[in-house]
Amino acid sequence: MYKKQMLMQKIVCMMTLIASALVFVSSLGLSTDLYDALSKTILYPDYDLDYTSVTGSRVYYDMFGFNSAFTRVSIGLILVNLILFLTNTHSRRKYYIGNYIATGLSAAAAVGVSVWCIPQILSYKAQFQNNVDFEALEAFSKDWGTIYIGPGDTFWFDISCVVFGFLLLTAVLLVVNCVFKVTVMKAEQRAIGSGKEVQNG
């Protein structure tokens, strides 16, 4: 059972780091399509976001602050998950207080970042789909040679939510692995105790 648990903890820790890296990638890509299609429609973004050739195109600028914070938070998430490897949580046969702290921090960070990001991503997706005048955007793209995206072009919004689903899954697996580790450690202690009793008997 120890071999299965050790394999599980290596896989789960690696999955957690991969998930945080994917969160970082999704933060970089989230506003890419919006920038290419909408940024040039607003003539004076520093003064008036509603002075635009395409109604609703301000969504790109509205989400700019969130997107910047999202990128910084995703880097922090990667650093938090690196603690799993610095404390050898992925390979240690016995867990100590540092391993439990690393596991707790990683799981809590995953849940916290997801709870903070997902509602905002869905909100900006809805703003994009409901507020942008796509007919005007299509005309603008033809006139100025910019990229056109329609209301269904929400790849980065959607993939970001999928990535957060994966991140939450790794948080659950970290907790499950920790419980599994405790169970295995207790079973080993009982086996050692039984062996000592036999020898003393």
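Predicted model: local features only at pLDDT ≥ 70, side-chain atom pairs only at ≥ 80, totals over all residues.
**Helix H4**

H4 has 23 residues, so at 1.5 Å a residue it should span 33 Å. I looked up its end C-alpha atoms and found them 34 Å apart, which agrees.

Next I asked which residues of H4 are buried. The list holds Phe66, Asn67, Ala69, Phe70, Thr71, Ser74, Leu77, Asn81, Leu84 and Phe85.

**Asn88, after the helix**

I moved on to what follows H4. Asn88 comes just after this helix, in the loop between H4 and H5. Its phi is near 60 degrees, a positive value in a residue other than glycine. I noted the background: most residues other than glycine have a negative phi.

Is Asn88 buried, exposed or partly exposed? Its relative accessibility is 32%, so Asn88 counts as partly exposed. That figure sits between the 20% and 50% cut-offs.

**The largest nonpolar core**

I then looked for the largest nonpolar core. This core has 31 residues. Which of them have the most contacts inside it? They are Leu34, Phe70, Ile121, Phe128, Phe157 and Phe164. Phe70 was already on my list of buried H4 residues.

I checked which helices supply this core. Helices H1 (2–29), H2 (32–38), H3 (59–62), H4 (64–86), H5 (97–131), H6 (134–144) and H7 (155–200) each give at least two residues. Which helix gives the most? H5 does, with 8 residues.

I picked Phe164 and listed its contacts, leaving aside neighbours within four places in sequence. Phe164 is in contact with Val23, Phe70, Val113, Ser114, Cys117, Ile118 and Ile121. Phe70 and Ile121 are also among the core residues with the most contacts.

**The second core and Leu174**

There is a second, separate core of 7 residues. Its members include Met8, Val12, Phe85 and Leu174. Phe85 is one of the buried residues of H4.

I followed Leu174, which is found in helix H7. Its relative accessible area is 1%, so Leu174 is buried. Setting aside neighbours within four places in sequence, I found Leu174 in contact with Val12, Cys13, Thr16, Leu84, Thr103, Ser106 and Ala107. Cys13 is 161 residues from Leu174 along the chain. Their C-alpha atoms are separated by 7.4 Å.

**Val184, also in H7**

I stayed in H7 and looked up Val184. Val184 has a relative accessible area of 3%, so this residue is buried. What does Val184 touch, not counting residues up to four places away in sequence? It touches Met1, Tyr2 and Gln5.

I also took a C-alpha distance from Val184 to Ile75. These two are 109 residues apart in sequence and 33 Å apart in space.

**The cavity**

How many cavities of 30 Å³ or more does the structure hold? It holds 1. The largest cavity has a volume of about 40 Å³.

I listed its lining: Leu30, Asp33, Leu34, Phe128, Ile149, Asp153, Thr154, Phe155, Trp156 and Phe157. These divide into 7 nonpolar, 1 polar and 2 charged residues. H2 and H7 each supply at least two lining residues. H7 gives the most, with 3.

**Thr154, a lining residue**

Beyond neighbours within four places in sequence, Thr154 is in contact with Lys125, Phe128 and Gln129. From Thr154 to Ala126, 28 residues apart along the chain, the C-alpha distance is 9.9 Å.

**Thr41, another loop residue**

My last stop was Thr41, in the loop between H2 and H3. Is Thr41 buried or exposed? Thr41 is buried, because its relative accessible area is 0%.

I listed its contacts, again leaving aside neighbours within four places in sequence. Thr41 is in contact with Tyr51, Thr52, Ser53, Val54, Ser57, Leu137 and Phe140. Ser160 is 119 residues away from Thr41 along the chain, and their C-alpha atoms are separated by 25 Å.

Note on methods. Residues numbered from 1 in each chain as written. Heavy atoms only, no water. Core = buried A, V, L, I, M, F, W, Y, C linked by side-chain atoms within 4.5 Å. Buried < 20%, exposed > 50% of the residue type's maximum accessible area, 1.4 Å probe, protein only. Helix = DSSP H or I, 4+ residues; strand = E, 2+ residues; numbered from the N terminus. Contact = heavy atoms within 4.5 Å. Expected span 1.5 Å × (residues − 1). 1 Å grid on protein atoms, 1.4 Å probe; cavity = no way out; pocket = protein on both sides within 12 Å on 5 of 7 lines; lining within 4 Å. Points joined across faces, edges and corners; volume = space filled by probe spheres on them. Nonpolar A, V, L, I, M, F, W, Y, C, P; charged D, E, K, R; others polar.
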